[in-house]
Amino acid sequence: MESSTAGARCRNCGTHVTQQFARVFGDNGDVVHGCPSCTTYREMQSGGHLPGD
């Protein structure tokens, strides 16, 4: 898990995202797998950016 002092980063493209963004659009561990730089908002809202089980 990433340190809160380092800030959250998108696992897909490495772009910095806010902790609030990670809580809303990240997985259950607040890990972001897609951000506005590399994913559409439609995919983020539907969970299409999250890896499958």
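Helices are DSSP runs of H or I with at least four residues, numbered from the N terminus. In this predicted model, Asp30 lies in the loop that falls between H1 and H2. Asp30 is partly exposed, its relative accessible area being 33%. When neighbours within four places in sequence are left aside, Asp30 is in contact with Ala22 and Arg23. The C-alpha atoms of Asp30 and Gln19 are 8.0 Å apart in space, at a sequence separation of 11 residues.

Thr40 is likewise located in the loop between H1 and H2. The side chain of Thr40 reaches the backbone nitrogen of Glu43 at a distance of 3.1 Å, which is within the 3.5 Å limit for a polar contact.

Aromatic side chains were examined next. A pair of aromatic rings is described by two quantities, the distance of the centres and the angle of the planes. Two aromatic pairs are present in the structure. In the pair of Phe21 and Phe25, the ring centres are 4.8 Å apart and the planes meet at 40°. Phe21 and Phe25 both belong to helix H1, which covers residues 19-25. Because the two residues are four residues apart in that helix, about one helical turn separates Phe21 from Phe25. Both Phe21 and Phe25 are buried. For Phe25 the relative accessibility is 18%, and the residue counts as buried because this value is under the 20% cut-off.

The other pair is made by Phe25 and Tyr41, with ring centres 6.4 Å apart and planes at 65°. The angle is over 60 degrees, so the pair of Phe25 and Tyr41 is edge-to-face. The centre distance of 6.4 Å is within the 6.5 Å limit for pairing. This pair links distant parts of the chain, as Phe25 is in helix H1 and Tyr41 is in helix H2 (residues 41-46), 16 residues apart. Whereas Phe25 is buried, Tyr41 is partly exposed, with a relative accessible area of 47%.

Taken together, Phe21, Phe25 and Tyr41 form one aromatic cluster.

Definitions and conventions
Residues are numbered from 1 along each chain as its sequence is written. This is a predicted model: local features need pLDDT of at least 70, side-chain atom pairs count only at pLDDT 80 or more; totals for chains, interfaces and linings use all residues. Side-chain values use heavy atoms; hydrogens and water are left out. Rings of Phe, Tyr and Trp (its six-membered ring) pair if their centres lie within 6.5 Å; planes under 30 degrees apart count as stacked, over 60 as edge-to-face and the rest as tilted. Buried means under 20% relative accessible area, exposed over 50%, partly exposed in between (1.4 Å probe, protein chains only). A polar contact is a pair of N or O atoms within 3.5 Å; within protein, one must be able to donate a hydrogen and the other to accept it, and residues adjacent in sequence count only if both atoms are side-chain atoms. Contact means heavy atoms within 4.5 Å.
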